[in-house]
Amino acid sequence: MTEAMIRKKAGMATVKDMPLLQDGPPPGGFAPVRFARRIPNTGPSALAIFLTAFGAFSWGMYQVGVGNKKRRVIKEEKYAARRAILPMLQAEEDERFVKEWNKYLEEEARIMKDVPGWKVGESVYNSGKWMPPATGELRPDVW
């Protein structure tokens, strides 16, 4: 069956020929649409946020200062301990140096025994100023 037979009219139907069926609002109407800008008044104020941030920063800087004082005390204690032990360490180094120097002089005397006029331990430089060796070992190439 075609549409023309159902309507009992020949040809196609137009919109004007069709029955009106339109959706309408529900009974009582639609709820109102909120379109106004509504910013909530909840949350801390700008002053409260600023004071909180300032307080946190101040507390943090106070803690940095306390830490600096502790670190300074520990550092001073470490330096005091080093100053207290320094004479003993220097004495040990001087003892080691004398032993090494004596070994060096014995080796020099053994090597230069055939050179006439050689004085063991005498400096070949004429500065008149004695300088200890800069390295921990005396003449490492000899040993």
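How many residues apart in helix H2 are Arg110 and Glu107? They are three residues apart, and so are separated by about one helical turn. The side chains of Arg110 and Glu107 meet in a salt bridge, with an N to O distance of 2.4 Å. A salt bridge here is a side-chain nitrogen of Lys or Arg within 4 Å of a carboxyl oxygen of Asp or Glu. Glu107 counts as buried because its relative accessibility is 17%. Buried means under 20% relative accessible area, exposed means over 50%, and partly exposed lies in between (1.4 Å probe, protein chains only).

The model is predicted; local features need pLDDT of at least 70, side-chain atom pairs count only at pLDDT 80 or more, and totals for chains, interfaces and linings use all residues. Residues are numbered from 1 along each chain as its sequence is written, and side-chain values use heavy atoms, with hydrogens and water left out.

The protein has two helices and zero strands. Helices (H or I, at least four residues) and strands (E, at least two) are DSSP runs, numbered from the N terminus. Buried residues make up 4% of the 143 residues. The protein exposes about 14000 Å². Carbon and sulfur atoms supply 63% of that area. Accessible areas come from the Shrake-Rupley method with a 1.4 Å probe; for residues, only the protein chains shown count as cover.

Helix H2 covers residues 46–111. An unreviewed UniProt entry lists residues 45–62 as "transmembrane region". UniProt positions follow the numbering used here, feature names are shortened, and annotations may be inferred rather than shown by experiment. Over residues 45–62 the chain is 94% helix and 0% strand. The end C-alpha atoms of this stretch are 26 Å apart. Further along, H2 bends by about 40° at Leu86. A proline, Pro87, follows within four residues. The bend at a residue is the angle between axes fitted to the seven residues ending there and the seven starting there.

The structure holds three aromatic pairs. In the pair of Phe50 and Phe54, the ring centres are 6.4 Å apart and the planes lie at 20°, so the pair is stacked. Rings of Phe, Tyr and Trp (its six-membered ring) pair if their centres lie within 6.5 Å; planes under 30 degrees apart count as stacked, over 60 as edge-to-face and the rest as tilted. Phe50 and Phe54 are four residues apart in H2, and therefore about one helical turn separates them. Phe50 is exposed, with a relative accessible area of 53%.

Phe97 and Trp101 form a stacked aromatic pair, 5.9 Å centre to centre with 20° between the planes. These two residues are also four apart in H2, so about one helical turn lies between them. Phe97 is buried, at 17% relative accessible area, whereas Trp101 counts as partly exposed at 25%. Ring pairs link Phe97, Trp101 and Tyr104 into a cluster. The buried residues of H2 are Phe97, Glu100, Tyr104, Glu107 and Glu108.

The count of salt bridges comes to five. Besides the bridge of Arg110 and Glu107, they include that of Glu76 and Arg83, at 2.9 Å from N to O. Glu76 is partly exposed, with a relative accessible area of 42%. The side chains of Arg96 and Glu93 also meet in a salt bridge, at 2.7 Å from N to O. Arg96 and Glu93 are three residues apart in H2, so about one helical turn separates them. Both ends are partly exposed: Arg96 has a relative accessible area of 29%, and Glu93 has 36%.

A nonpolar surface patch of about 490 Å² is made by Val115, Trp118, Val120, Val124 and Tyr125. Patches are made of residues with over 30% relative accessible area and no salt bridge; like charges are joined within 9 Å, and nonpolar side chains (Val, Leu, Ile, Met, Phe, Trp, Tyr) within 5 Å. Val124 lies in the segment after H2. At 56% relative accessibility, Val124 counts as exposed.
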